[in-house]
Amino acid sequence: MDRSTKVFILISFFFLSVISNFNLVHAEELFDCTFDQAVMKSQDKWIVQFLIPQCGAVKGLKPEWDKASANMCGKVKFGEVNCQNCPELCGKYKVPHFPYILQFGTDKTKEPIQYKGAWSAGALEEAALSIA
């Protein structure tokens, strides 16, 4: 293998490693200090996942969640709350398990609705679009 081929292969691996780390997911990371402004004081519809990243069920949902979030970009906002970083916020919504998904409509005086549907992108998208 000549030098130029080796350089090409090295650059290709570098490029692939860089682009694989880009976060093209459209879910917004929410925190105690940003939740009210982003979700509760907005007129936007939100579907928010309360999670702990290491949880196996959360990891299993992630690909479908990311796909639904990307597909709903501009229609319904997707958010994520890491309960390890935001225990007060998770306590406020009485998060009993992970993942725990709540749907917030445009009228924030109404209680959010717990999502209990399938863990597929299509089902999440359908639920997101049905938020009143």
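The lining of the second largest pocket has 6 nonpolar, 4 polar and 3 charged residues by class. Here Ala, Val, Leu, Ile, Met, Phe, Trp, Tyr, Cys and Pro count as nonpolar, Asp, Glu, Lys and Arg as charged, and the others, Gly among them, as polar. The model is predicted: local features need pLDDT of at least 70, side-chain atom pairs count only at pLDDT 80 or more, and totals for chains, interfaces and linings use all residues. Residues are numbered from 1 along each chain as its sequence is written, and side-chain values use heavy atoms, with hydrogens and water left out.

**The pocket.** Its volume is about 190 Å³. The lining comprises 13 residues, and G105, K110, I113, I131 and A132 lie nearest the centre. Strand β4 (100-104) and helix α5 each give two or more residues to this lining. A pocket is an open set of points on a 1 Å grid over the protein atoms alone, where a 1.4 Å probe fits, with protein on both sides within 12 Å along at least five of seven lines; lining residues have an atom within 4 Å of a point. The volume is the space filled by probe spheres set on the points.

**Helices α3 and α5.** Helices (H or I, at least four residues) and strands (E, at least two) are DSSP runs, numbered from the N terminus. The axes, lines fitted to C-alpha atoms over the stretch in contact, come within 8 Å and cross at roughly 45 degrees. The two helices are therefore oblique to each other, since angles under 35 degrees count as roughly parallel, over 145 as roughly antiparallel, 65 to 115 as roughly perpendicular and the rest as oblique.

Contact means heavy atoms within 4.5 Å.

| Helix | Residues | Contact residues |
|---|---|---|
| α3 | 56-71 | L61, E64, W65, K67, A68 and N71 |
| α5 | 121-130 | A121, L124 and E125 |

By class, this contact has 5 nonpolar, 1 polar and 3 charged residues.

A123 also sits in α5. A123 and A68 are 55 residues apart in sequence and 8.6 Å apart in space, C-alpha to C-alpha. A123 touches Y115 and A118, not counting residues up to four places away in sequence.

**The α4-β4 loop.** P99 lies in the loop between α4 (87-92) and β4. The F98 to P99 peptide bond is cis, with omega near -10 degrees. K94 is in the loop between α4 and β4, and phi of K94 is near 50 degrees, a positive value in a residue other than glycine.

Note on methods: Axes fitted to C-alpha atoms, helices over the stretch in contact; angles between N-to-C directions.
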